[in-house]
Amino acid sequence: MKLPTLDPLLAAALLAFPGVAQVTLPTSIDDTSFGPLKTGVTYVASADVFVTANQTLTIQPGVVIKFASPQAEFFVRNGATLNAIGTRTNPIVLTSIHDDSVGVKLGTRLPAAGDWDDLEFDNGGGVLQFVEVRYAGVGNDPSVVLNRTSVVFRDCVVRDGAGDGIHAFSGPTLERCAIRDCPGDAIDRVDFANLPNMRDNVASGMGRHTLRVASGSVLGDVSVGPENGINNEIYLATQVQASNATITVRGGLIFKTASQIAIAGTGSLQVQGLANRRVVFTSPADDTVGNDTLGDGPTVGSPGDWPGVYFQLGATGTSSVANADIRFAGSDGGQRAAVAARGGTVSLLDCVIDSSKNDGLQLANSQPTVQRCAIRNCGGRAIHGAALAALPRFRGNSASGCGGGSTLYTLYFNTGTAPLLTSARIGPDNGLNSEIVVTNIDVRGADVVLTLDPGLVVKFVAGVSVSQGARIESRGTATQPVVFTSLNDDSVGTDSRGDGPTTGSPGDWSFVNLFTSGNEFTGTVFRFGGAGFSNGAVVVVQGGQVATFRGCVFEKSSQYGLNLLDGTARGVVVEDCQFLGNAMRPFLNLNWDELPFLLDNRASGNGTGDHLQVQGQATSRSTSITMANTLNGNGIIVCNGVSTSTGNAFQVGPGIKLKMLGGSLSGGGRLVLDGRGDKPIVITSSRDDTVGGDTNLDGNATVPVPGDWGAVQFGPSSSGSVAHVHARYGGGGFSGVGTFVCNNGQVRITSARADFSLRSGFYIDDVMSPAANWIAYKCESVGINLRGNLFTVQHATATENKGIGIFSPGPYGGVVYSSISWNNARRVTQDNFVNVRHTKCNGSLEKGNIHADPMFADVAGGDLHISPFSLCVGRGDLPQATLWGVDYEGNSRILDHALNGLALPDIGAYEVYQYRMGIDSELRIGRTTNLTIFGPGPKQGSQVLVVGPAIGGEFLPPFGVLITGTLATTLIMSIDPTGTPYPLAVPDDKNLIGVRLGLQTLVITDGSIPAGGLTNALLATIGR
């Protein structure tokens, strides 16, 4: 065989080492032509060497091939096979002619990278083991090129090349290979689908210590782990897409990626990281993990360095990503999120999404499971586009430092949230930082229930709609409320917009709109809503629907707090709620039938008043109203009157203040105004700021005038009673004749007072006897106008009226006892008298009438108590007084005024007393009411508290009348020194609700004779 011609220097080098085995390789070789290559021989190639097409070349251990030309390549092409099996101690070496460390010493200088070209497979195959490739890569070419080949490289070394270490196209196998000291990539041009054939390879001293994937189409299932990369790392330089295949990623692998990882069709991604062997998806510039991938020295990566992981629209596969870190993704050119799930079924478990340029996790058309994940330092929103129905599958996640809000957004690009059509339970653990942000919550469908757990914060762009038989159960508590609020409200949850501290404004969102019954809200805060329509509210209950609100807060609405739309009777329960700082009133569209379902609610700072206002007059069912049904327990109700319906009762309890916008209290049903001496019912003009404050918010612009409203009126077909009622500025209306108007002998009116009536204070054709404790003050006409029949009037007081004080123009045949008519109709002299005994109302001085000043306490200010020195004291009719045992204020009508052991009744509506009893709250089950004794009487002595059925009475000389019952029916509760407070605890027993009882105290003074006095009686009904 003729050797190829060598250059003179090389020839001289060969002649310098005679006797060493060396052979020059021909251009084409195989085992049948020139080969195999033998152990111990140094072969020299001065030009390209080809393994013959479709033939096999075998290289034995210890063979050294030295390439003498920079252009020399070793080709395995066109079906050729190269089997080069060295050993660990006797490897096969392909190297530079100048590498004298192995084989025959032929070098004329030190070897250098690029001394020859490469080892190249192209549609060839074979097995190489313990093979070293040195000093190749002329012109920065790779040292080894594997193209369209299934060749196997095991335990090989590629070192000191001028460019990349290995280009591994298509399907070669590289196992336990080492690539050293090359300025390029360790392994490049890898097909992602071929990564399982890359195992346990290492690199050192490289420009880029990495395995670079340049082809990312995945057509079959692929499973990769840290052993498939270089130093646990794989560099993805191209998009990786699995359309109908599964990519499985095992724990400990680091993906450095410059492009998108996309899952489409039936494809899936299974990331199987472990707590101590996490999977990392990050930027090629992130040198904090893995290698210096770009070979540019230490860098840390930047948000948006790569697009992210994308589960594409229309994908149907099931994917799971566990214990993975996803960093520096979310580029503008991608899906604008580190992870985007717009299709398929996706689970993210124990993952960290960090430093996305845009959103952290973006969702649409997908209902993923996301648990125990952390989203940090994203330029956009932490989680964006979660379906409401999917939120129960979000648990234990956290977010921080996100520029668009460290929160969970259910809205997707502001297009709204899909309706919730299946039941779901959502709590603070399902959101981020206890919070979710929604465009709207739309719950629909029969038996669909949305349950909200304590501590959840829901921030709205629009609002809530519940319809088609669905309902919401919001289960907040006093310490962990559910909060419905504005996206701008950073006082709860997070900085939802990522725009720095903001506080929210009334009307930032619309309202909770309830089209169905059965919705229940406890411990729920509704804040900054109210936008959407005129006369709106932060919560709207549509007509005919029932809802329950307990322990809720309605605050800072741009309109009303709670709107019971259309005002129909249904029983919306509102208990222990607060209405704070709303632009309008707490309630809109209240009707009388709804008031009993309001209990212990409070209000402050509302723009048009902290009171109740009732729309309309009609009642459609029996209704009972107490102070507990009003706001702050203040008793204030602004209304247009009451019209009772036939067969139903309307009852008003002690302390209620009806401020009338007009109208009357009347109708065909039963009307019961059941005040109490210490807490009378007050009925007055809405312009009367002396009662309940400036409820019409006009300052001093308007003042009340007589006739601002109509009357308390009982006709022949109605029924009821009046007790301890103070009516002011009535007597108006089209047919107004007085403030108290009655033509029904079955109606009892006692302890009633009419001030500033446009007509008579009392205009009475018939009433039940005795009619006791009537007061007419400063009326524009007759004070007490007695029209007919034979009823008895006793202990009345009429003064300062412009007409006659007590007057009968016609057939009245009754008797007026122990009454004062003084200083009325000043030109009518016969009207000025004090009546003592059985005298008809004719102004006569006969039959015991006294013409004397009754000595009112402050007649100009309306205080019509009489002085202890008045001639009226102790001169009332005793037999008649025993028929009705209380005065206007609930005091015993017969008292020992001077504490001298002699009890007698006074004349007029008020009795002079020595002792009174007060309570700090009404009787309620499960609560304690404190009773105290006060008054001008001496404090030395004993007090005896008795409780009775509040039915009947008994005269107990010399103290007065026991109002709470008889000695046989009352029970002594305690005996204490006078002035000792007494706590009365009512058991928490619902069976006690509605029980009526009376409380009264007998005070016995220290002295030589029995003396003392009975206090007023507190006749109370136990409430809930």
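Predicted model: local features only at pLDDT ≥ 70, side-chain atom pairs only at ≥ 80, totals over all residues.
Residues are numbered from 1 along each chain as its sequence is written, and side-chain values use heavy atoms, with hydrogens and water left out.

**Exercise 1. A strand and its partners**

Task: Find which strands pair with strand S46, and which way its side chains point.

Solution: 

Step 1. Start with the terms: strands are DSSP runs (E, at least two residues) numbered from the N terminus, and two of them pair if DSSP finds at least two bridges between them.

Step 2. Look for the partners. Strand S44 (residues 408-409) is joined to S46 by two bridges, and the two run parallel. Strand S49 (residues 457-460) is joined to S46 by four bridges, also in parallel.

Step 3. Go down to residues. Ile436 of S46 stands opposite Leu408 and opposite Val458 in S49.

Step 4. Check the side chains. In a regular strand they alternate between the two faces of the sheet. In S46 (residues 435-438), Glu435 and Val437 point one way, and Ile436 and Val438 the other. All four are buried, where buried means under 20% relative accessible area (1.4 Å probe, protein chains only).

**Exercise 2. A serine in a loop**

Task: Work out where Ser496 sits and which side chain it joins in a polar contact.

Solution: 

Step 1. Find the partner. The side chains of Ser496 and Glu435 are joined by a polar contact of 2.7 Å. Such a contact is a pair of N or O atoms within 3.5 Å; within protein, one must be able to donate a hydrogen and the other to accept it, and residues adjacent in sequence count only if both atoms are side-chain atoms.

**Exercise 3. Two aromatic pairs**

Task: Decide how the rings of Phe484 and Phe521, and those of Phe762 and Trp774, are arranged.

Solution: 

Step 1. Recall the rule: rings of Phe, Tyr and Trp (its six-membered ring) pair if their centres lie within 6.5 Å, with planes under 30 degrees apart counted as stacked, over 60 as edge-to-face and the rest as tilted. The whole structure has 26 aromatic pairs.

Step 2. Apply the rule to Phe484 and Phe521. Their centres are 6.5 Å apart and their planes at 90 degrees, so this pair is edge-to-face. Phe484 lies in strand S52 and Phe521 in strand S54 (residues 519-522), so the pair ties together parts 37 residues apart in sequence. Phe484 is buried, at 0% relative accessible area, and Phe521 is buried at 0% too.

Step 3. Turn to Phe762 and Trp774. With centres 4.6 Å apart and planes at 5 degrees, they form a stacked pair. Phe762 belongs to strand S78 (residues 760-766) and Trp774 to strand S80, so parts twelve residues apart in sequence are tied together.

Step 4. Widen the view. Phe484 and Phe521 belong to one aromatic cluster, whose members also include Trp509 and Phe549.

Terms used:
Buried < 20%, exposed > 50% of the residue type's maximum accessible area, 1.4 Å probe, protein only.
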